[in-house]
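Thanks for coming. Please have a look at the model on the screen, and I will talk through a few places in it.

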Amino acid sequence: MSAYVIAVANQKGGVGKTTTALSLGGSFARMGRKILVMDLDPHACASIHMAFFPEKTQRTALDIFKSYPNFPDQQNSPIYPTHSEPRFDFTPSSIQLSELDADLKDVPGKGLILKKWLAQTRRGYEVIIIDCPPQMGVILVNALVAADEVIIPTQTDFLALHGFKLIFDTMRLLNKALKSPIKYRVLPTMFDRRAGACRRILNILRKKMGPRLFETVINTDTKFRESSARGRVIHDYAPKSRGAQEYTRLAREIDRGIKKL
Ligand SMILES: Nc1ncnc2c1ncn2[C@@H]1O[C@H](COP(=O)(O)OP(=O)(O)OP(=O)(O)O)[C@@H](O)[C@H]1O
Ligand SMILES: [Mg+2]
């Protein structure tokens, strides 16, 4: 077993990255897959959502970066099972991840730390999903470089389309230093089929992205906000909701791609 590593990234905030990382974790876990979801955003929204409160959590993603060139041993590994069903493993974030750019300033190979940690950890999982921060910095670079595929959630509105450019600039820059270009696909989120503007943006995305746009579209569903308030993923809180079903469809679409590899 060696996990397929997915980074969920977009430098635009509030586009559904955290929702996508957690809901995909829930979808794959429901499908019986062995899953690790990692929160690498210092704001720790995914961690708080899953009831890993930063002030109370001992082992966090920070340990991976702080112990480098060594890594935490198995007993001290920053991996916990989630409290809710469907159960998957989870690496909580730390607020101190925001200081990592300064802390690692002079560390050679600092962009490859996560990739190296994953080289061992991925043996225990089928899919690893990384929730990335919206800011450009050493964490985002680590995640993009470590991923087999980057999922870029984007709201289907004009401004989101505009904000989108930043993540492409970042990937283009990294591609110059990488052996093979970063693989990515774009996920339309918070779609409202009644809104003409949403439909127009989706058409533009289909034309521009072609096969790099997921077939699955995630519609707006109030159950996402409700489930985060309850500290559960949507597959636990509202398994029959449209949102849960759409993320299951997305997981199947990704799964078909993994099987072809
Ligand atoms: N499909 C959806 N329908 C309705 N609400 C949604 C949907 N997806 C996400 N949301 C809500 O929108 C808000 C922003 O989503 P989320 O936190 O996933 O975005 P993000 O990209 O991770 O944000 P940030 O950049 O701040 O980390 C949350 O309150 C979430 O519950
Ligand atoms: Mg987020």
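Pro 69 lies in the loop between α3 (62–66) and β3 (80–81). Helices (H or I, at least four residues) and strands (E, at least two) are DSSP runs here, numbered from the N terminus. The peptide bond from Tyr 68 to Pro 69 is cis, with omega near 10°. Glu 85 and Pro 86 are also joined by a cis peptide bond, and there omega is about -5°. Pro 86 is in the loop between β3 and β4 (89–91).

Before going on, the bookkeeping. This is a predicted model, where local features need pLDDT of at least 70 and side-chain atom pairs count only at pLDDT 80 or more, while totals for chains, interfaces and linings use all residues. Residues are numbered from 1 along each chain as its sequence is written, chains are lettered from A and ligands numbered from 1 in the order in which they are written, and side-chain values use heavy atoms, with hydrogens and water left out.

One more backbone point. Ala 51, in the loop between α2 (45–49) and α3, has a positive phi of about 65° although it is not a glycine. Most residues other than glycine have a negative phi, and most peptide bonds are trans.

Now the ligand. Which residues come nearest to ligand 1? Of the 16 around it, they are Val 15, Lys 17, Thr 18, Thr 19 and Asp 221; a residue is near if one of its heavy atoms lies within 4 Å. The largest share of this shell, three residues, comes from α1, and α1 (17–30) and α10 (223–229) each supply at least two.

A polar side-chain atom of Thr 19 lies 2.6 Å from an oxygen atom of ligand 1. A backbone N or O atom of Gly 14 lies 3.0 Å from an oxygen atom of the ligand. At Asn 219, a backbone N or O atom lies 3.0 Å from a nitrogen atom of ligand 1.

Last, the pocket. The largest pocket is lined by 31 residues, and Gly 16, Lys 17, Thr 18, Thr 19 and Met 190 lie nearest its centre. A pocket is an open set of points on a 1 Å grid over the protein atoms alone, where a 1.4 Å probe fits, with protein on both sides within 12 Å along at least five of seven lines; lining residues have an atom within 4 Å of a point. α1 gives the most to this lining, with five residues.

How values were computed: A polar contact is a pair of N or O atoms within 3.5 Å; within protein, one must be able to donate a hydrogen and the other to accept it, and residues adjacent in sequence count only if both atoms are side-chain atoms.
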